[in-house]
Amino acid sequence: MRRTGTTRRSALTASGAFALGAVLTGCGGGSETRTAPGGADARAASLRAGAQRAAAARDSTSLLSRYEQVAAAHPVTDAGLAPMGAAVREHLAALGRPAKAATGSPAPPAGAADARGALKELAAEERRVADRRAAAVLTAEPELARLLASIAAAGAAHAYLLTELAKETPA
C-alpha cells in the first residue's frame with residue numbers, strides 16, 4: 001500500500017525548489033539603477049576596468065623584471081624560475097600587454113645577496129601582488145574579475161612554489 005500525505009522527502013524537495021526559485025529571481029535584476037547602455041555609468045565602468053587592467057599589467061611587468069633579475073643574479077635558480085616567468089609573461093598577454101623581450105642583462109636585484117634570500121623576497125612580492133589582485137576582484141567588472149582571480153590564484157601558487165624552491169636551493 002502506498003503512503004499518502006506529505007513526506008519528509010517531498011517537503012525537502014519542495015522547499016529546495018522554492019529556495020532555488022527565490023535565488024534565481026534575485027539574481028536577475030539590477031538594471032533599474034543603471035543608465036542607458038551608452039550612458040555615463042558605462043563609460044565610468046569602462047574607465048575603471050581599463051585602470052584596473054593597467055595596474056595589473058604594471059604589477060606583472062614588475063614581477064617579470066624581478067624574476068629576470070633573480071635568475072640573472074643567481075643562475076642556480078634559473079631552471080626553477082623559468083616556468084613561473086613564462087606564466088607571468090602569459091598573464092601579461094592575457095591582460096593585453098605582451099611582455100617585451102629583455103634587452104641586455106637585467107639590473108641586479110636590490111635585495112638579498114644569496115639565492116635563498118632572493119627567492120624568499122620574490123615569494124613575498126608574489127604574495128603582495130596576489131593579495132592586491134584578489135582585493136581588486138571585488139570592484140572589477142565580471143570578465144576582468146575572473147581574469148584577476150585566476151592570475152591571483154596563480155600568483156599565490158607561485159609564492160608557495162618559490163618558498164619551497166628557496167628551501168631546496170643550496171645556500
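Buried means under 20% relative accessible area, exposed over 50%, and partly exposed in between, computed with a 1.4 Å probe on protein chains only. All views show a predicted model, in which local features need pLDDT of at least 70, side-chain atom pairs count only at pLDDT 80 or more, and totals for chains, interfaces and linings use all residues. Residues are numbered from 1 along each chain as its sequence is written, and side-chain values use heavy atoms, with hydrogens and water left out.

View A. Helices (H or I, at least four residues) are DSSP runs numbered from the N terminus. Thr-163 counts as partly exposed because its relative accessible area is 24%. Not counting residues up to four places away in sequence, Thr-163 touches Ala-123 and Arg-127, where contact means heavy atoms within 4.5 Å. The side chains of Thr-163 and Arg-127 are joined by a polar contact of 3.0 Å. A polar contact is a pair of N or O atoms within 3.5 Å; within protein, one must be able to donate a hydrogen and the other to accept it, and residues adjacent in sequence count only if both atoms are side-chain atoms. A polar atom of the Thr-163 side chain also lies 2.8 Å from the backbone oxygen of Ala-159. Leu-119 is 44 residues from Thr-163 along the chain, and their C-alpha atoms are separated by 6.9 Å.

**View B. Arg-133 in helix H4.** Arg-133 touches Ala-56, Asp-59, Ser-60, Leu-148, Ile-151 and Ala-152, leaving out residues up to four places away in sequence. The buried residues of H4 include Glu-125, Glu-126 and Arg-133, and their cover includes H2, H3 and H5.

**View C. The largest nonpolar core, with 26 residues.** Such a core is a set of buried Ala, Val, Leu, Ile, Met, Phe, Trp, Tyr and Cys residues joined through side-chain atoms within 4.5 Å. Tyr-67, Val-70, Leu-81, Leu-119, Leu-122 and Leu-162 touch the most other members. Two or more residues each come from H2 (40–73), H3 (78–94), H4 (115–137) and H5 (142–168), and H2 gives the most, with eight. Beyond four places in sequence, the contacts of Tyr-67 include Leu-81, Met-84, Leu-122, His-158 and Leu-162.
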